[in-house]
Structures are given as C-alpha cells and as structure tokens.
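Let's take a walk through this one together.

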Amino acid sequence: MKQEPAAQNTPPPSPSPNASAQYPQEDGDPPALWIFGYGSLVWRPDFAYSDSRVGFVRGYSRRFWQGDTFHRGSDKMPGRVVTLLEDREGCTWGVAYQVQGEQVSEALKYLNVREAVLGGYDTKEVTFYPQDTPDQPLKALAYVATPQNPGYLGPAPEEAIATQILACRGFSGHNLEYLLRLADFMQLCGPQAQDEHLEAIVDAVGTMLPCFCPTEQALALV
C-alpha cells in the first residue's frame with residue numbers, strides 16, 4: 001500500500017473531560033443509539049440508520065485476529081476478519097451509525113445474527129470521536145471478538161495472515177475483498193488515519209498475489 005505523508009500521523013487531541021459524550025436531543029425525540037463499525041460495517045451496514053459519521057476510537061487497535069467460518073471463510077478454511085485489541089496508544093478509524101426509534105431494535109436484531117451468532121462477537125461501549133467534531137465525542141456500541149470466543153485465531157505474522165486471506169471465501173465473498181475494501185476506506189479517511197497492521201497485510205498480499213493467480217485473473221478473486 002502506498003504510504004501516506006507522516007505530517008499528520010495522529011488524530012486531534014482528546015477533548016477536555018467536561019466535553020459532552022453525546023449530542024443533545026430535543027424533548028420528545030426518539031431514543032437514539034450510535035453503532036461503531038470498523039470492519040465490513042464501514043462499507044456494508046445493511047441496516048436502516050438516520051446518520052453516519054467517519055471518525056475514530058482511542059485505546060484500541062484493529063487486528064485480523066478473528067476467524068470467520070461463514071462470511072469470509074468456511075469450517076475447513078476459516079477466513080481472517082478484524083476485531084479490536086485494547087491498546088493504550090491505539091487509534092482505530094471507522095464509521096458510527098445513528099439509529100433511532102424502531103431502527104434501534106431492528107438494527108440490534110440484525111447485528112446480533114450477523115456479528116454475534118455468525119461472527120462470535122460481543123458488544124462493548126466505546127467513545128467515538130467524529131472526524132469533523134472530535135471535541136464532541138459520542139458513546140457508541142461496538143462489536144468486539146475476544147479470545148474467549150471459539151472462532152478467535154489470535155496473532156500471526158502478517159505474511160501468514162495474507163496467505164490465509166488469499167485462500168479463503170465465504171457466503172459474503174472472498175476474504176481478499178474484505179481486506180481491500182477496508183484498505184480503501186482507510187485511504188479515504190486521509191493521511192491522519194493510520195493502520196500499520198492493515199498496511200503490512202496489504203503489502204504482503206501484493207507481494208504474493210502473482211504466485212496465487214495470473215495477473216489478468218486477479219480481479220476475479222473479488
């Protein structure tokens with residue numbers, strides 16, 4: 001992956017402790033919930049929402065450490081998808097979606113199947129900082145795969161992860177598509193959005209891909 005300039009390598013500073021953690025709602029507004037996506041949810045939420053914002057959460061790093069036997073792999077060949085790893089110095093970019101009223105129950109019902117039942121993820125509250133207004137953080141719900149779930153694969157060299165991604169496909173498509181769409185999203189976020197783990201895997205794929213298929217057939221993988 002092409003390296004971005006390093007001049008803006010960190011997100012804006014954290015707001016003061018007195019900053020509001022939620023956007024205020026007018027009296028009578030329906031209850032609202034923000035859902036933070038950092039994997040496939042950034043390009044394919046597949047649930048109705050009222051608003052969406054690009055931004056980041058602090059204290060977590062994104063890692064391709066969760067196995068996937070449905071969306072991007074199979075029981076015999078699990079794919080690799082991302083989860084959040086607690087990391088005091090970490091910063092993970094993604095998209096927060098606001099759901100309101102009836103959207104809340106419908107979104108949670110859908111995500112329970114997609115992320116929890118089929119993916120092995122648990123829910124966790126995180127603080128989300130919108131890219132445009134980082135001084136107005138939001139409390140958001142995130143789906144995180146922990147080492148306690150049976151699909152957890154854990155750490156591996158980026159080259160090994162790339163090899164596994166190139167070999168796997170599931171009901172939602174090839175594992176390579178998942179990797180490349182996530183990389184595209186990060187590039188759109190700008191030079192301040194960095195993910196060395198993701199970049200290393202993309203670079204490894206670029207090195208290995210000619211060994212896996214002819215150049216003219218590369219796009220057929222996705």
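How many cavities of 30 Å³ or more are there? The count comes to two, where a cavity is a set of points, on a 1 Å grid over the protein atoms alone, at which a 1.4 Å probe fits but cannot get out. Volume here is the space filled by probe spheres set on the points, with grid points joined across faces, edges and corners. The largest cavity holds about 250 Å³ of space. It is lined by 22 residues, and Ser40, Val81, Glu115, Tyr121 and Tyr178 are the closest to its centre; to count as lining, a residue needs an atom within 4 Å of a point.

Before going on, a word on what you're looking at. This is a predicted model, so local features need pLDDT of at least 70 and side-chain atom pairs count only at pLDDT 80 or more, while totals for chains, interfaces and linings use all residues. Residues are numbered from 1 along each chain as its sequence is written, and side-chain values use heavy atoms, with hydrogens and water left out.

E1, E2, E3 and helix H1 (102–117) each give two or more residues to its lining, and E2 has the largest share, with three residues. These labels are DSSP runs numbered from the N terminus: helices are H or I with at least four residues, strands are E with at least two. By type, the lining splits into nine nonpolar, eight polar and five charged residues; nonpolar means Ala, Val, Leu, Ile, Met, Phe, Trp, Tyr, Cys and Pro, charged means Asp, Glu, Lys and Arg, and the others, Gly among them, are polar.

Now the strands. Five of them form a closed barrel in the order E1-E3-E2-E4-E5, with mixed pairing; strands pair if DSSP finds at least two bridges between them. Strand E1 (residues 32–37) runs antiparallel to strand E3 (residues 79–100), joined by six bridges, and leucine 33 has valine 99 in E3 as its bridge partner. With strand E5 (residues 138–144), E1 pairs in the parallel sense over two bridges; there, phenylalanine 36 stands opposite alanine 142.

Two helices lie across strand E2 (51–68) and E3: H2 (residues 158–167), at about 45 degrees to E3, and H3 (residues 175–189), at about 80 degrees to E3. Angles run from 0 to 180 degrees between N-to-C directions, using axes fitted to C-alpha atoms, for helices over the stretch in contact (heavy atoms within 4.5 Å).

Finally, confidence: pLDDT, the predictor's confidence in each residue from 0 to 100, averages 86, and 81% of the residues score at least 70. It stays under 50 over residues 12–28. Where pLDDT is low, the predicted coordinates should not be read in detail.

Terms used. On a 1 Å grid over the protein atoms alone, a cavity is a set of points where a 1.4 Å probe fits but cannot get out, and a pocket is an open set with protein on both sides within 12 Å along at least five of seven lines; lining residues have an atom within 4 Å of a point.
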